[in-house]
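These are my notes from an evening with one model.

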Amino acid sequence: MTKRMLKKYAELIVKVGANVQKGQEVFVYGSADQCEFITLVVEEAYKAGAKEVSVQWSYQPVTKLHYKKMTLKQLSLFPAWKEEKLKYQLDKLPACIHILSDDPDGLKGINYDKMAKSRQAVYPKIKPYREAMDNKYQWTIAAVPSPNWAKKVFPNERVSIAMKKLWDAIFTTCHLTEVNDAVDAWREHNKVFHSRKKFLTSKHFDYLEYKSSNGTDFKVGLMPGSKWGGGSDNTLQGVTFNPNMPTEEVFTAPKKGVAEGRVVSTKPLSYNGALIENFEFTFKDGKAVSWKAEKNGELLDKMLTMDEGACYLGEVALVPKESGVNKSGILFYETLFDENASCHLAFGKGYSDTVEGFESMTEEQLKECGLNDSMIHVDFMVGADDMTITGYKDGAPFEIFKNGTWAF
Ligand code: ZN
Ligand code: ZN
């Protein structure tokens with residue numbers, strides 16, 4: 001990949017993704033094997049006026065060693081220095097840039113029970129800080145290829161070709177070409193969402209009904225104050241940013257306790273470094289009451305029992321089959337991309353800014369509205385080419401999706 005394109009991509013992530021402000025601090029999270037690209041991101045962040053850019057390096061083989069070698073007791077501790085870091089973050093509200101590149105199978109073979117239990121132990125200590133920072137800082141997630149990820153996506157290609165193909169796919173889906181003004185392309189792309197989310201919010205649907213020939217036959221309730229989002233987001237201070245690059249979804253949060261029927265997945269799910277394949281769920285009173293998977297079903301068991309809210313839904317998202325990610329025809333084995341190829345749902349936490357008037361509501365009030373809370377938020381793909389989605393208000397149907405795409 002040419003240096004020029006890499007720089008252009010790094011600039012896009014800093015300017016459009018995180019929209020780093022003059023004098024702001026920036027935290028960059030990325031893998032140690034991406035040091036060259038991350039250096040470009042740091043450089044662009046300084047160019048945008050960042051006061052200090054801190055990189056928090058990780059490396060999947062090291063993460064794997066932690067889960068293998070550390071005791072559950074040790075993994076479950078939350079030392080004071082980590083808490084100090086969160087306090088600092090809450091005080092300074094740095095923009096956060098996450099660069100993904102992990103191998104989708106990279107943590108295969110670790111003890112998932114240990115991983116789940118240690119996360120359950122640590123989460124209550126992180127939660128108050130997360131909640132206090134919510135909607136107050138810009139964050140973005142973007143990806144760069146790694147050899148193992150590229151080989152997973154293009155198993156029949158040589159590593160160098162697979163890497164090039166994955167780079168090309170990332171650039172295409174992120175609206176970046178050799179010649180375009182990508183910042184401008186994103187401005188145009190973001191406009192597309194605005195009329196749709198406004199319209200869907202104005203319909204105040206009581207519930208949505210999903211049907212497709214693969215067996216999905218499912219209803220999910222929405223909150224009276226459910227607001228639809230999509231494309232760029234704003235902090236409470238009014239700074240615009242793009243949480244996901246790419247992004248093609250329009251989404252809201254469902255009402256906890258209202259979901260019935262069967263949902264069949266249409267893409268594998270990479271969860272905690274392993275792939276769950278060909279799975280489905282049955283919902284009753286909003287809760288997943290049974291599920292099965294052809295591969296790695298035990299990971300679903302862990303995921304859905306992480307806490308009380310883990311088996312309830314926190315997101316419904318609509319993505320038409322013409323989305324750029326779907327048109328690429330590539331299965332990325334990475335939710336950041338695959339969720340933008342397909343209508344999806346998410347288990348776990350709902351985003352508070354999908355509730356009308358969230359700015360002045362307490363956590364308790366959000367809960368009363370029906371917003372689900374959990375330590376997890378995991379998207380899974382359900383969109384099919386023949387999917388129909390109908391919204392109902394006071395019993396009257398409105399066709400939202402027909403044959404996998406917008407019906408209005
Ligand atoms: Zn989503
Ligand atoms: Zn999500």
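I began with the pair K349 and E131, which form a salt bridge with their closest N and O atoms 3.5 Å apart; I took a salt bridge as a side-chain nitrogen of Lys or Arg within 4 Å of a carboxyl oxygen of Asp or Glu. I noted that this is a predicted model, in which local features need pLDDT of at least 70 and side-chain atom pairs count only at pLDDT 80 or more, while totals for chains, interfaces and linings use all residues. Side-chain values use heavy atoms, with hydrogens and water left out, residues are numbered from 1 along each chain as its sequence is written, and chains are lettered from A and ligands numbered from 1 in the order in which they are written.

Next I looked up the division of the protein chain, which gives domain 1 (3–173) and domain 2 (201–231 + 241–406), with bounds from an automatic or database domain assignment. Their centres, taken over C-alpha atoms, are separated by 24 Å. The contact (heavy atoms within 4.5 Å) takes 37 residues from domain 1 and 32 residues from domain 2.

How many salt bridges are there between domain 1 and domain 2? I found 4. I then checked the buried area, meaning the accessible area (1.4 Å probe) that two parts lose on being put together, summed over both: the two domains bury about 3000 Å² between them, 63% of it on carbon and sulfur atoms.

Last, I went through the backbone and found a cis peptide bond from M245 to P246, with omega near 5 degrees. P246 is in the loop between strand 9 (240–241) and strand 10 (250–252), where helices (H or I, at least four residues) and strands (E, at least two) are DSSP runs numbered from the N terminus. N135, a residue other than glycine, has a positive phi near 65 degrees, and I placed N135 in the loop between helix 6 and strand 4.
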